[in-house]
Amino acid sequence: MGLLALGMILVSVLSADSVWANSSDEYPTTSGLADSLLNDWALPLLILGILMSMAMIGAAYLVRDERMENLLWEFGTGETQVIEIEEEDDDDDDDNADDAVEEEKADESADEEEAEEVEVTEEPEQPEELEEADDAQEAESVERQARMDEELEERRNRLESLDEKARKKEEELIRVAEKAKTIDFSTLGFASASDSDDLQRIKGVGPFIAEKLNALGIYTFSQLANMTPEIEEEVNVAIEFFPGRIKRDEWANQARTLLGGEEE
Amino acid sequence: MIDPALVSALSALMFVIGLGGAFTRKNAIIVLMCIELMLNAANMQFAAAAVHHGDTTGWVYTLFAIAIAASEVAIGLAIFLAVYGQHETISLDDVDVLKN
């Protein structure tokens, strides 16, 4: 209604006779336009040009790709090889394929080493009485590991049946799932898809990030709430999110709040 | 020459549509388009006045408005892209806090 009234007022004001009274028979010509643009309006035109180029540069800066590999490249941390592989250019795919395999192997062995380290540091902390429980826990964790590997395998098999876009996404998820080994789940606690919370309720978690977290084995708020600063960092790296974002968005605190809200 | 009243009516209509859309729509890109529609309504009025009065100043204004609108859209779209990267949505209802 208000808009209709505004339209009426606009029409009546704009088509008032006084506005259109002094009509001129003379038509403005393009040479006249050029003349006034380059003589009378020369300075504003210059300023406008500067403004536009500033806007374009600003826009280009805003849309720069903030993905991990690009940032690393920008800071020149010597990981250019990884970047080349991850860009997945069709032209030099063949050259990079071997590199990629090597890189992956290196990654995996590094992961295993880390996992071992974790085990070693954990053992002395356990009192002897708890050894039996420890054994059971170990068996369970082995089982879990097997299940995760199975899942990974399943994802890999599914890859072939997908179109290119879904494939790229799936590949990323696999990459995330592979990194699950680096994360200390004994602190986080385990969960499965059946008892998952709606992770997207956390600010900063979108559909894809939630999927990545699930691929990593994080399904519940309580797992997120258990994150120590080190684990936060590891998860951040694992899901290939903007560096330090998990810490800055305080996912752990948010998860704690959401947990509290649910119990009430 | 076309009756100025008709031009005025058309530009008023465009302006009102743009205003309504800018206030009611939730998709940021549609809001941007509506703002553009309002700008173009004003441009049309300027151009019509220029022809009517036989003066090129109206055209110059129109050109300036178009240029500024272009840079505004460039920045706007860039911001939406950045927002989408963070929130995975550009629905204006979901992106109503400046912090993060």
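1. Starting at the N terminus, the elements of chain B read α-α-α. That gives 3 helices and 0 strands for chain B. Bear in mind while reading that this is a predicted model.

2. A few words on chain B as a whole. Of the 100 residues in chain B, 40% are buried. The accessible surface of chain B is about 5300 Å², and carbon and sulfur atoms account for 72% of that. As for the fold, take the contacts in chain B with a separation of 6 or more: 55% of them come from residues 24 or more positions apart.

3. Now the interface. Chain B brings 41 residues to the contact and chain A brings 40 residues. Between them, chain B and chain A bury about 3400 Å², with 76% of this area coming from carbon and sulfur atoms. Which three residues stand out on the chain B side? H52(B), F64(B) and E88(B) together supply 16% of the area that chain B buries against chain A, more than any other three residues.

4. Polar contact between the two chains comes to 1 residue pair, counting pairs with both residues at pLDDT 80 or more.

5. Where on chain B does the touching side come from? At least two residues each are supplied by α1 (4–24), α2 (28–53) and α3 (57–87) of chain B. The biggest giver is α3(B), which puts 18 residues into the side that touches chain A. By residue type, that side of chain B splits into 26 nonpolar, 13 polar and 2 charged residues.

6. Is N236(A) buried or exposed? N236(A) counts as buried because its relative accessibility is 3%, and the cut-off for buried is under 20%. Setting aside neighbours within four places in sequence, the contacts of N236(A) are F241(A), F242(A), P243(A), G244(A), R245(A) and I246(A).

Methods. Residues are numbered from 1 along each chain as its sequence is written. Chains are lettered from A and ligands numbered from 1 in the order in which they are written. This is a predicted model: local features need pLDDT of at least 70, side-chain atom pairs count only at pLDDT 80 or more; totals for chains, interfaces and linings use all residues. Side-chain values use heavy atoms; hydrogens and water are left out. Contact means heavy atoms within 4.5 Å. Buried area is the accessible area (1.4 Å probe) that two parts lose on being put together, summed over both. A polar contact is a pair of N or O atoms within 3.5 Å; within protein, one must be able to donate a hydrogen and the other to accept it, and residues adjacent in sequence count only if both atoms are side-chain atoms. Helices (H or I, at least four residues) and strands (E, at least two) are DSSP runs, numbered from the N terminus. Ala, Val, Leu, Ile, Met, Phe, Trp, Tyr, Cys and Pro count as nonpolar, Asp, Glu, Lys and Arg as charged, and the others, Gly among them, as polar. Buried means under 20% relative accessible area, exposed over 50%, partly exposed in between (1.4 Å probe, protein chains only). Accessible areas come from the Shrake-Rupley method with a 1.4 Å probe; for residues, only the protein chains shown count as cover.
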